[in-house]
Amino acid sequence: MTRSNYLALCDLHQYASCSRVLSSKYAKGFGIIGPLLGDESPLNQPNCLYGIFFFLFYLTLDSVVQKLVVIQLKFSLSISSLIMSLYLAYILAFVLIDLCLVCLATYCVNVGLAVPAFENYVSAMDKTT
């Protein structure tokens with residue numbers, strides 16, 4: 001259920017509106033799960049909930065010793081987050097034709113996580129050969 005009267009603090013302009021993004025059909029289940037599994041599916045949750053679980057899990061991995069399997073998992077998670085960021089950035093720019101500051105910040109955080117994950121992965125692969 002979306003609230004049509006929702007107004008986010010980061011709304012700056014008609015075309016820079018987090019509220020429009022957060023109340024769109026793409027704000028839940030990435031706009032994919034609802035049409036595939038139904039709007040009532042337990043998997044059709046707000047994207048921000050998926051993000052919270054993703055970042056908590058990713059941060060939990062930082063507390064684990066940097067074993068090869070953890071490095072590979074972080075690399076895979078980073079790649080998947082970049083793919084989702086590209087998908088959501090496309091939706092933001094070309095479907096919703098909007099600018100969401102929170103969304104852009106999240107994309108930057110995902111890139112910021114991917115760079116060291118890639119460097120650690122390359123370094124670990126060099127050591128195994």
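Rings of Phe, Tyr and Trp count as a pair if their centres lie within 6.5 Å. Keep that cut-off in mind. One more thing before we start: this is a predicted model.

Now the rings. By that rule, the count comes to six aromatic pairs. Take F54 and Y58. Their centres are 5.8 Å apart, with 35° between the planes, and the pair is tilted. Where do F54 and Y58 sit? Both are in helix 3, residues 47-62. They are four residues apart, so about one helical turn separates them. Are they buried or exposed? F54 is buried, at 17% relative accessible area. Y58 is buried too, at 3%. Buried means under 20%, so each value qualifies. F54 and Y58 also belong to one aromatic cluster, together with F55.

Next pair: Y90 and F94. The ring centres are 5.3 Å apart and the planes meet at 40°, so this pair is tilted. Y90 and F94 both lie in helix 4, residues 68-95. They are four residues apart, about one turn of the helix. What about accessibility? Y90 counts as partly exposed, at 46%. F94 is exposed, with a relative accessible area of 59%.

Last stop, the surface. Which residues make the nonpolar patch? L12, L99, L101 and L104 do, and the patch is about 340 Å². Look at L101. This residue lies in helix 5, residues 101-128. Its relative accessibility is 38%, so L101 counts as partly exposed.

Conventions
Residues are numbered from 1 along each chain as its sequence is written. This is a predicted model: local features need pLDDT of at least 70, side-chain atom pairs count only at pLDDT 80 or more; totals for chains, interfaces and linings use all residues. Side-chain values use heavy atoms; hydrogens and water are left out. Patches are made of residues with over 30% relative accessible area and no salt bridge: like charges are joined within 9 Å, nonpolar side chains (Val, Leu, Ile, Met, Phe, Trp, Tyr) within 5 Å. Accessible areas come from the Shrake-Rupley method with a 1.4 Å probe; for residues, only the protein chains shown count as cover. A salt bridge is a side-chain nitrogen of Lys or Arg within 4 Å of a carboxyl oxygen of Asp or Glu. Helices (H or I, at least four residues) and strands (E, at least two) are DSSP runs, numbered from the N terminus. Buried means under 20% relative accessible area, exposed over 50%, partly exposed in between (1.4 Å probe, protein chains only). Rings of Phe, Tyr and Trp (its six-membered ring) pair if their centres lie within 6.5 Å; planes under 30 degrees apart count as stacked, over 60 as edge-to-face and the rest as tilted.
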